[in-house]
Amino acid sequence: MKKLWWLGLTLLLAVSVAAGCSSDGEKSTDKKDTKDTETAESSKENVQSDMIDFYMNLTGTINSADTDLQNYEAAAAKEDTKKEDLAAMAPNAAASAEAVAGKIGEVTVPDSLKDYKSDLEAALTDLKDSYSMKAEELKKGADANLDAANEKLASADEKIGSLLEKAGLTTASITNDVN
């Protein structure tokens, strides 16, 4: 009988130890899962912060050089603007568009946005191309037609908005933010 009692006690002790190890393993896994989740959330927040910084720097870069272009486009949108006035504004607007294209060409995607790099670079290419197209058209003076350039700008705008959304941010419009 004593042997059975010792066998039962040993079996009970073995089950308790096994249950304890299993429980410790779960706690350890839970801590690891929690840490992994916190790390993923922190990483996502860093990406969002870096994406916001990239976007704000991009709009600031454009706004720093596009004043004459914006003035031209605002005047061209008014029906009562004389063709002569547009012709007078066009050279400065063309220079402004060239300056913006040059500045966009200097923009680099930070390493922290490596998962978005190729898409951001494609959007930057469209953006730069749109300003280059505007510069070429504006050299025609008052007869400039910016429709194709604005379509290219809309393409860049859509790409950037999509990437912001993909990063978990609210979609923004570069066309609205550079005016």
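What pattern does the chain follow, read along the sequence? I read it as α-α-α-α-α-α. My count for the chain is 6 helices and 0 strands. A reminder to myself: this is a predicted model.

Next I checked burial and contact range. Of the 179 residues, 30% count as buried. Among contacts with a separation of 6 or more, 72% join residues 24 or more positions apart.

Then I turned to the largest nonpolar core, which has 39 residues. The members touching the most others are Met-51, Ile-62, Leu-127 and Tyr-131. I found at least two core residues from each of helix 1 (2-63), helix 2 (67-77), helix 3 (83-106), helix 4 (117-138) and helix 5 (147-166). Helix 3 gives the most, with 8 residues.

Leaving out residues up to four places away in sequence, I listed its contacts as Leu-113, Tyr-116, Leu-120, Leu-163, Leu-164, Ala-167 and Leu-169.

Helix 2 against helix 4 came next. Their axes are 13 Å apart, at an angle of about 65°, and the crossing is left-handed. From helix 2, the contact uses Leu-69, Tyr-72 and Glu-73; helix 4 brings Tyr-131, Lys-134 and Leu-138.

The charged end of Lys-134 sits over the ring of Tyr-131, 5.4 Å from the ring centre. I also looked for aromatic pairs, with ring centres within 6.5 Å as the cut-off, and the count came to 0.

Definitions and conventions. Residues are numbered from 1 along each chain as its sequence is written. This is a predicted model: local features need pLDDT of at least 70, side-chain atom pairs count only at pLDDT 80 or more; totals for chains, interfaces and linings use all residues. Side-chain values use heavy atoms; hydrogens and water are left out. Rings of Phe, Tyr and Trp (its six-membered ring) pair if their centres lie within 6.5 Å; planes under 30 degrees apart count as stacked, over 60 as edge-to-face and the rest as tilted. A charge sits over a ring if NZ of Lys or CZ of Arg is within 6 Å of the ring centre and within 35 degrees of the ring normal. A nonpolar core is a set of buried Ala, Val, Leu, Ile, Met, Phe, Trp, Tyr and Cys residues joined through side-chain atoms within 4.5 Å. Buried means under 20% relative accessible area, exposed over 50%, partly exposed in between (1.4 Å probe, protein chains only). Helices (H or I, at least four residues) and strands (E, at least two) are DSSP runs, numbered from the N terminus. Contact means heavy atoms within 4.5 Å. Axes are lines fitted to C-alpha atoms, for helices over the stretch in contact, and angles run from 0 to 180 degrees between N-to-C directions. A crossing is left-handed if the near helix is turned anticlockwise from the far one by less than a right angle, and right-handed if clockwise.
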